[in-house]
Amino acid sequence: GQQRITIINCEEFYVPTVCWRFTPRDVGSCDFVGNDFGYKLVEWPCDLELTTCQATGAEAFKPENLNVPFDQDRRPRLNTDRCNLLAATYEDRVFTFVDSACSKVFRGWEVVSWCLEEGTYSGEFVWRFVQVIKLLNQDGPDFANCDDQTLCAFGDTLNPNNNQCVGIFEIRPDVSDDCTPLELLLIDYKLDLGNDGVFDRLGYSANYGPNYPFPNPNGLPVQVMPDTLPNADGVYPVGTHRILWGAEDGCGNINVCEYLLTIEDCKPPTPYCLPGVSGVPMPIAAGEFIDIWASDFNLASFDNCTADSNLVYAFSEDPNDRTIRRTCAEVTGLAEQLTIYVVDEAGNFASCLVS
């Protein structure tokens, strides 16, 4: 038999003008191009369509943050097996909402061979290629917690307008997006105090612009929120309220979050009690007893939310345990130690010792 051995000259190199992905001959391999052979010096990354992001803002388009399975789609692959001293750089031009994409990046790659530039070589030593990256994200902003919330008011004042107990709270939405940073999200809220179906206050993030972006026919108070700190902070009365948050990302995706916000009075009353009281029992014919009321020991107790006249005084944590009866047979001649409980309308209580 005969064996045919072909020797080809693969000393020349070439740089393709199109992207390569999973080609039979890798970068640096000898390949037939045109009418001759040469080894591939550069392998360009192909165009990409992304639906999710691994970072936000401009960081999302950095090669290392592109959400692709293969590294060859992130940056050019260079032949480093020979004395080429290749270096790749890029410059981006970003356009928004074009060709059904919320972002379109034209990434201009430039590869330079420093060996060829500094030597006696007279041919091309800089090559350029444009990679197009489209972001087709359809996932709206994510609200991490949309469950109903209960907060405690520990204030020491009443609303002077309606004698209503209030508290001051920080109300913050836990919202984020895979592609759009927080400061670029468009966020707004509507607050329904008392959960009666009528909104009482509105708010929107400053990046919407100087004017409230939604109809406000009733002329409700409007809060402008900092872009980096969306919040509905403020004074809230004790009761159940409803808050509706909305958020829009840089791709036009919208998500909403609605929950009930219950404000409870959690501060117990401040008890002030008389150290002791004395009384005269009923006559023998009436049973020789005396009824003692817990309220008899009140000196000047008060509460942050319950009016003084509505405080309840009891001999135990049970607000119905308001009186005790003592007979002459039970009296030892020594002062009896009692605990007086002061209970507010929310069920909070505090106590003091009396005789």
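Predicted model: local features only at pLDDT ≥ 70, side-chain atom pairs only at ≥ 80, totals over all residues.

The dialogue below takes up sheets, aromatic rings, charges over rings, a pocket and backbone angles.

Me: How is a sheet to be read, and which strands form the open sheet with mixed pairing?

Reply: Strands of a sheet pair through backbone hydrogen bonds, either parallel or antiparallel. Strands are DSSP runs of E with at least two residues, numbered from the N terminus, and two of them pair if DSSP finds at least two bridges between them. Here, 6 strands form an open sheet with mixed pairing, in the order 11-20-19-15-16-17. Strand 11 (149-153) and strand 17 (222-225) are at the edges with a single partner strand each, so one side of each has no neighbour in the sheet. On average, neighbouring strands of this sheet are turned by 20° against each other, direction ignored; the axes are lines fitted to C-alpha atoms, and angles run from 0 to 180 degrees between N-to-C directions.

Me: How many bridges join strand 19 to strand 20, and which residues stand opposite each other around strand 19?

Reply: Strand 19 and strand 20 (residues 254-265) run antiparallel and are joined by 10 bridges. Gly239 has Ile263 in strand 20 as its bridge partner. The hairpin of these two strands has 5 residues between them, and Gly252 takes a positive phi near 85° there. Strand 19 (residues 239-248) also pairs with strand 15 (residues 186-192), in the antiparallel sense over 7 bridges. In that pairing Tyr189 stands opposite Trp245, and Lys190 stands opposite Leu244.

Me: What is the order of the open sheet of 3 strands?

Reply: Its order is 22-24-25, and the pairing is antiparallel. Strand 22 (312-314) and strand 25 (349-354) are the edge strands, each pairing on one side only. Neighbouring strands are turned by 25° against each other on average, direction ignored. Strand 24 (residues 338-343) pairs with strand 25 over 6 bridges in the antiparallel sense, and Val343 stands opposite Phe349 in strand 25.

Me: How are aromatic pairs described, and how many does the structure hold?

Reply: A pair of aromatic rings is described by the distance of the centres and the angle of the planes. Rings of Phe, Tyr and Trp (its six-membered ring) pair if their centres lie within 6.5 Å; planes under 30 degrees apart count as stacked, over 60 as edge-to-face and the rest as tilted. The structure holds 13 aromatic pairs. In one of them, the ring centres of Phe95 and Phe106 are 5.7 Å apart and the planes stand at 85°, so this pair is edge-to-face. The pair links distant parts of the chain, 11 residues apart, with Phe95 in strand 7 (residues 86-98) and Phe106 in strand 8 (residues 101-113). Elsewhere, Tyr204, Tyr208, Tyr212 and Phe214 form one aromatic cluster.

Me: Are Phe95 and Phe106 buried or partly exposed?

Reply: Buried means under 20% relative accessible area and exposed over 50%, with partly exposed in between (1.4 Å probe, protein chains only). Phe95, at 36%, counts as partly exposed, and Phe106, at 23%, is partly exposed.

Me: Which charged residues sit over rings?

Reply: A charge sits over a ring if NZ of Lys or CZ of Arg is within 6 Å of the ring centre and within 35 degrees of the ring normal. Arg107 lies over the face of Tyr90, 4.3 Å from the ring centre. The charged end of Arg325 is over the ring of Phe289, at 3.8 Å from its centre.

Me: What does a positive phi look like in residues other than glycine?

Reply: Most residues other than glycine have a negative phi. Phe97, however, has a positive phi of about 55°; this residue lies in strand 7 and counts as exposed, at 54% relative accessibility. Asn195 has a positive phi near 50° and lies in the loop between strand 15 and strand 16 (201-205).

Me: Which elements line the second largest pocket?

Reply: On a 1 Å grid over the protein atoms alone, a pocket is an open set of points where a 1.4 Å probe fits, with protein on both sides within 12 Å along at least five of seven lines; lining residues have an atom within 4 Å of a point. The second largest pocket holds about 310 Å³ of space, a volume being the space filled by probe spheres set on the points, which are joined across faces, edges and corners. Its lining has 20 residues, of which Gly57, Ala58, Phe61, Ser103 and Cys179 lie nearest the centre. Strand 7 and strand 8 are the elements that give two or more residues to this lining, and the largest share, 5 residues, comes from strand 7.

Terms used. Residues numbered from 1 in each chain as written. Heavy atoms only, no water. Helix = DSSP H or I, 4+ residues; strand = E, 2+ residues; numbered from the N terminus.
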